[in-house]
Amino acid sequence: MKIIIRNGSEQPLYQQIKEQIRGAILRQELKEGEKLPSIRSLANDLHVSVLTTKRVYEELETEGFIVTIVGKGSFVASENMEMLSEAKRHLIEKKLSEVWQMANTLGINKEELYSMMEIIFEEDDE
Amino acid sequence: MKDVLEVNNLKKELGSFSLERLTFTLKEGCITGFIGVNGSGKTTTIKTILGLYPKDEGSITFFGKELEKSEYTIKNRIGVVLDEGYFYEEMTLKEMKSVIAPAYSDWDESVFLNYINRFKLKLNQKISTLSKGMRMKFAISIALSHHADILIMDEPTSGLDPLIRDELMEILLNFMEEEGKSVFFSTHITSDLDKVADMLILIDKGRIILNESKDELIERHAVVKGDNSLINESTRKLFVSLRQTAFGFEGITDKADVVCEEMNDVIIEKTSIENVMLAYIKEG
Amino acid sequence: MLLHLIKKDLILAKKYLLFMLIFAVVGPIFIYSRLGFDNGSFTSFLITVLFVEYIIYNMVSMQEDKYRGSALLCTTPHTRNGVIKAKYLFIFVIFIGCFLLYNLAAAIGASTGLTRLSINNVGIVLLIISVFFGILIPVQTKFGYEKTKYIFFIIIFLTPFILPAIIEWVQSTGININYDLAISQSIKAWIPFVIAVLMGVISMMISIQIFSKKNL
């Protein structure tokens, strides 16, 4: 699992870490039931506070991505495929609304937005 | 996270200096850095919670038990490293150990010898011949050889070179890998804390100024630079410390996100623990 | 556990220990040969014990004051009380050592006339030691080594001069008690010993109190 933190980024540390772990789970780089590093070893390796990694695991657990068993550790939750896809969709939807809001502020309308997206897709296909 | 140490309204007067109603807790599983300049009260606080200075008022509770009532059980679980060592200089390492080790019910000779080997110390060396760094290593060897649950250290790294300091920080991180351990150490070398601290407590003139998670502290503070025209009554309030010259201003804010939103055309940079400490101390 | 603190004191006194051991045997013989009066054995033993106790105790106190090792020890489960109790126990252990070595001296030097001592006499010596250290230790705990070292050094010096008078006084008081209480002789002999121990315990409790308030 790769976690790279950007210091000085606007996003709080815990958020960066959380998103990267969550991404790894969604991309199935971390398998169901796989054991995650302890909050202490994660903190030591990333040079962040143990309170930060604790918060990350707590929030990931609330969101349903991991399960923590006292005395044993934290594990990737066993999701059924539907829930995973739903979470994935939800993330994209969030980003898309952000893009739409930004477009509005900048005065870019729907048509322009569509054509911009077309161009991006074409570039990707090449 | 449980509290392994609770200090409540601790008051201690020492000549012209005094600790004023000190209240803080140490969480289990955390390394808590205790920072402050010389004379701020770090050593006084640590000595008082260890019982070396009898307190005037307040309560000190370790693992849920009051220090005064359960001294023996509590001290068995504390590893201590004091700045001045307080070793009998004429004794050898072996002799000194033979005086201290039997006091602890869980003394682990193999762990001790492990550390001695690792630090390349010689047991029949006289303590007076040790350098400061070796002295600290010896103190650590003893402090970590009786399965202590909490390690309390007063300025363990002062006067030591960066290599040894780094080594010590590694040892602390290793120590923490086991469940249920905690570390509390005072220092004015804040760069050590950048690496290992989970919680930070800032003390100045006998009072606690800050007490929070290191990451949150660093994230909510920032160095801000910009033109003097941007400083007015409302923006001034966003700063803990502010320095204005003919060329512009530079300050430390404790509300980095607000500055981000409300002040345009400023440079916002990540700050270090040292800058934060200085900002609060100078203004205080 | 207190034994380890006593061991600590012995290590601190290492430099003088051998010499003191020899003195504890040779001293009584030497002093006795110089004295030659009735209670010669008793006085020899007394002076020897005072000398040995004081030299060793002073050596240990000096190092304790210099290196402040008791600070670290108090953070360990030895605790403050243990540190104080061990001081008193140490004095007692040295006394026992001197007593055993005196018996050795009496065996070796029997030709000079040095004799074994009665329980009563041993008890009186312990009593004197008890009074001396019973005052010295709390005072030293309260005011520190530096301030008190000269006072007691002077007292030690005066001892050979004051002692004959004190001994006479103690003996006479002892005789009075004999007549008043009319207990069996063998039990009466232990009275000084018991009083000495009691005084030691009381002094110890005072020292513990004083020490508990000290900033280390």
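This is a predicted model: local features need pLDDT of at least 70, side-chain atom pairs count only at pLDDT 80 or more; totals for chains, interfaces and linings use all residues.
In chain B, the C-alpha centres of domain 1 and domain 2 lie 35 Å apart. Domain 1 of chain B covers 3-215 and domain 2 of chain B covers 221-283, with bounds that come from an automatic or database domain assignment. Ten residues of domain 1 of chain B and six residues of domain 2 of chain B make up the contact between them; here two residues are in contact if their C-beta atoms, placed from the backbone, lie within 7 Å. On the domain 1 side, α7 (190-196), β9 (199-204) and β10 (207-213) of chain B each give at least two residues. Helices (H or I, at least four residues) and strands (E, at least two) are DSSP runs, numbered from the N terminus.

Residues are numbered from 1 along each chain as its sequence is written, and chains are lettered from A and ligands numbered from 1 in the order in which they are written. The model scores ipTM 0.85 and pTM 0.85. For chain C, the mean pLDDT (the predictor's confidence in each residue, from 0 to 100) is 85, and 88% of the residues of chain C reach 70 or more.

Turning to the chains, two pairs are in contact, and chains B and C share the most contacts. Chain C puts 22 residues into that contact and chain B puts in 25 residues. From chain C, α1 (2-12), α3 (40-67) and α4 (69-75) each supply at least two residues to the side that touches chain B. Nine nonpolar, nine polar and four charged residues form this side of chain C. Between chains A and B, 13 residues of chain A meet 14 residues of chain B. On chain A, α2 (39-46) and α3 (50-62) are the elements that give two or more residues to the side touching chain B, and that side holds five nonpolar, seven polar and one charged. Chain A and chain C do not touch, and their nearest C-alpha atoms are 28 Å apart.

Within chain C, α1(C) packs on helix α5 (residues 79-108) at an angle of about 65°, with the axes 9 Å apart. Axes are lines fitted to C-alpha atoms, for helices over the stretch in contact, and angles run from 0 to 180 degrees between N-to-C directions. Among the α1(C) residues that meet α5(C) are Leu2(C) and Ile6(C), and the α5(C) residues there include Leu89(C) and Phe90(C). By class, the contact of α1(C) with α5(C) has eight nonpolar, one polar and two charged residues.

The axes of α3(C) and α5(C) come within 10 Å and cross at roughly 140°. α3(C) is therefore oblique to α5(C) (angles under 35 degrees count as roughly parallel, over 145 as roughly antiparallel, 65 to 115 as roughly perpendicular and the rest as oblique). In this pair, residues of α3(C) including Phe45(C), Val52(C) and Tyr57(C) meet residues of α5(C) including Ile94(C), Cys98(C) and Tyr102(C). The contact of α3(C) with α5(C) is made of ten nonpolar residues, one polar and one charged.

Methods: Ala, Val, Leu, Ile, Met, Phe, Trp, Tyr, Cys and Pro count as nonpolar, Asp, Glu, Lys and Arg as charged, and the others, Gly among them, as polar.
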